[in-house]
Amino acid sequence: MTKQPDYISKQKFMAELYRYKRGSVTRRHFLNVTGLGAASTVLGAAIPGLTAGPAAAGDIGDRAVLATWPNYHDPENFDAFTEATGAHVQVNVFGSNEEMLAKLQAGATGWDVFVPTNYTITTYVGEDLIEPLDTSLLPNYDPAAYDTRFAEAGSVDGKLYAVPKNYGTTGYAVNTAHTGGTEMTSWKQFFDMTMDSFSGRTMVHDYQLTTIGNALKYFGYSFNSVDQAELADAEKLLIDVKPHLFAISSDYQPSMRNGDAWMTMCWSGDGKQLNTDIPEIAYVLGREGGEIWSDYYAIPKGAPHREAAYALINFLLDPAVNAKEVLFHGYPSADAHTNALLPESLLNDPILYPAAELLTPLEFGAAVTLTDPNRAELMARFKSA
Amino acid sequence: MTQRTRNFLLLAPAGAWFLLMLVVPLSVVLVFSFGERGAAGGYVPAFTLEQYANLPARWAAFRNTLFLAPVGTLSALLIAYPLAYFLAVRVSAKWKMLLLVLVIVPFWTSILIRSYAWIFLLGGKGIPALIEFIGFPAIRLINTPFSVLVGIVYGYLPLMVFPIFVSLDRLDKRLLEASSDLGAKPWPTFLQITLPLSIPGIATGCMLVFILLMGEYLIPAILGGGKVFFVGNALVDLFLQSRNWAFGSAVAVTLIVVMLATVTVYMRFMARLSANRDDVSLI
Amino acid sequence: MRLYAAFVYLFLYIPIAVIAIFSFNAGRNASDFVGFSVKWYGKALDNPFIMDALKTSLTVALLSALFASVFGAMAAVALQGIRGPVRTAFDALINVAVMIPGIVIGIATLIGLVTIFEQLNPLIDAIWPFASDAPRLQMGKASLVAAHTMFLMALCIIIVRARLAGMDRSLTEASSDLYATPFGTFVQVTLPLIFPAILAGFLLSFTFSFDDFIIAFFVAGSETTLPIYVFSSIRRGVTPEINAIGTMVLGASLFILLIAQTLLRPRKGK
């Protein structure tokens, strides 16, 4: 069942036994690393204390801590996980990849599973903050079933660090009740309208990648540009737009729903959720381009409940569970098994699966934007202006 | 046990605590402020004044804070003073305690939750809708400096009411009676007797609120929609977004210096006012 | 005047009313009232993470308030009889501790402790005599209690000191004139006099620690206090569950206040 070594030194065995007795590792971990897993039914009786009750419940501990994004999981799936394993899922919600990285860099987050975006994974590997995944503990992960475009960022130097959750685009949501019939198709319109009839009604994200990236797209520059002159143009636009903004915040659903905000930078799943509940809110991909991204499940170094982490990821990768997730959050999955379970109407949904001519100009975020000090400072100047 | 040993033992826990949790961390911040940012964030040891040279990049945050902190303090004072006066002078002893406790009770709900309630109240379906319903044109309240000011005054009002109440409550009511017996009008009585006597309370209240406002983060973050930016917000962003520990440390050191300077000047000024008060009370 | 006071109380209580009303909302959304229900109270009480966060908050607040008031009172009593450099140093530390914004305390404690831990952990690993993994120093409840205590201790020293300053010196002098030992004087005269101040310091500290978000946000490591939980939930879109917690905490505080008032009411005829 596992690829654990079948031989470990006597000293290591005693160390593991000691840890097991103190309760700092679980029975399953102990059996696995000592190679006793397969023989446990025989040996279990011989070593007092190893014959614990039914394997399922107590095995993975009583909790798994998940660091993720807002509106990103079906709560019912977590209830089912708790039912099946006895472990509760504690959800910590974050506002940006930068914040996740900052918390991990400062040490001791207590997370078991986190959800990094494609362009951040190499930085986590470089900073030694992420654990290589043991696929033997993820039987539901079938690499062959994934569209490689949305899975390849999970591997760095041939080692697997993260498995795909779902992908999506970053466009904007606009309440068409207020556009006066104008058809919204571009980032140029997004910023121009904000400074005109939408003044005081537009929201932009509270992190650098998309807010700066989409301002760059206004001028037709690359979404990932770190060129000083191009960033200067984007900065000027953002500073001009700022007095006309409703808010700089990545939590835009409440304001869009209650009508305070009319337009917001928006991830496609949020766009889908808003559009489903309020049909006049449309989701638009800028003609000039913008971001396409893929989110992953990963385990940080030093996760306190490692067993539960693997169990949770494996559970969420189960096509039936994943299909429920997709129906809840409205982001497309790159997993063929999951898609086989989804209704035809969803698979043809233009918000989830945009037309090719809109998809082609989109760019994946580049790792350099995450650590580029100039983009970070630009964002700070924009926010404090 | 000698007096000396006794004092040493009594002071040891507090001294050790201050050393480990105040002196050491602040020293680390000071050291970091002369360092550099690592390639992926964090801190790399160095000795450079670059971070301090870069401070003008956060001038806007300091400007906002140095504007809204005094304005917020003053607004809280203006709203709190009449209430404290009412509680101390006008209310019978029977009701005094109850009404005073009612000022603190809102404090027992998390400031986060209370601020969130203000999002609803100031948002499009709250007070603006009411104003429109009455027949006035709709106005934008949420995510403005005004909404941040409301949150600030709301959050810190009890801190202002209490010290003023205490100083007014001590005031000998016979003084006021004597004054009015002598034919003084209410306003001169207030200006010449009551107000000067309550200056210590005002001084304490303003200082408490001002100190808290200088480091404020939550209220602008929740009620300012990310558009109203204090030094506190700049610090959180520097540590949690751009992960620039060196520059963040320099901003923190600067904030401490600005505060110590402001508060020292303020205390001098208040001490002078209190000295005048002594003259007044002699009359 | 009365009208003005009524207006201020309205200002203070409208948000509380909003919180309480929406805690009974049958819908998920915290801004659209769709019907009456108490289900969110059940959900909040059933949620193990809320209960854990509450327990963490209570533990941290209790310990911080205890350390701060006891050590603070001890220091205040000692400082009363001291002049010279030690006194000057302590005065400076107390002032700095009270004046530094919470956010700076949080950040300084975080980077200060992380830096120290990075130095110490390999050392502990090296000298750890057992075969098992050596314990690792990391941010958590202990660091949070330590940070809260530092700042609250300064506050308690100020409060107790104010009480000591207002104390009638002739009492202690009379006591020692009557040949009481210094310790006897302390227990029988000083302690009863400063006890209300210690208690006030304890209660203030508890309240502050229980409600603190910004220091905990940086210092709590993997621990989740109630304010941190609430902050995280707010980003997820507030459900009435949060309102239910807020209303329950408020109700519990009022209840405790009521009991305290009944117990502490001065007896008649005394």
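What percentage of the 283 residues in chain B is buried? Buried residues account for 46% of them. Please keep in mind as you browse these views that the model is predicted.

**View 1. Chain B is built from helices, with zero strands.** Along the principal axes, the C-alpha atoms of chain B occupy a box of roughly 75 × 75 × 35 Å. The radius of gyration of chain B is 24 Å, whereas a compact globule of 283 residues would have one near 19 Å. Among contacts in chain B with a separation of 6 or more, 73% join residues 24 or more positions apart.

**View 2. The largest nonpolar core holds 245 residues.** Leu312(A) and Ala84(B) have the most contacts inside this core. Its top contributor is helix H3 of chain C (residues 48-80), which gives 15 residues. From chain A, domain 2 (58-167 + 294-347) and domain 3 (168-292 + 353-384) each supply at least three residues.

**View 3. Ala84(B) and its partners.** Leaving aside residues up to four places away in sequence, Ala84(B) touches Val161(B), Ile164(B), Phe165(B) and Leu168(B). Apart from the core of Ala84(B) lies another core of nine residues, including Phe150(A), Tyr167(A), Ala323(A) and Tyr331(A).

**View 4. Confidence along chain A.** The average pLDDT of chain A is 86, and 85% of the residues score at least 70. Residues 1-8 of chain A fall below 50, and this stretch has 16 contacts in the model beyond near neighbours in sequence. Residues 33-58 of chain A are also below 50, with 30 such contacts. Where pLDDT is low, the predicted coordinates should not be read in detail.

Technical notes
Residues are numbered from 1 along each chain as its sequence is written. Chains are lettered from A and ligands numbered from 1 in the order in which they are written. This is a predicted model: local features need pLDDT of at least 70, side-chain atom pairs count only at pLDDT 80 or more; totals for chains, interfaces and linings use all residues. Helices (H or I, at least four residues) and strands (E, at least two) are DSSP runs, numbered from the N terminus. The radius of gyration is taken over C-alpha atoms; the globule rule is 2.2 Å times the number of residues to the power 0.38. A residue is buried if 20 or more other C-beta atoms lie within 10 Å of its own, exposed if 12 or fewer, and partly exposed in between; C-beta atoms are placed from the backbone. Two residues are in contact if their C-beta atoms, placed from the backbone, lie within 7 Å. pLDDT is the predictor's confidence in each residue, from 0 to 100. A nonpolar core is a set of buried Ala, Val, Leu, Ile, Met, Phe, Trp, Tyr and Cys residues joined through C-beta atoms within 7 Å. Domain bounds come from an automatic or database domain assignment.
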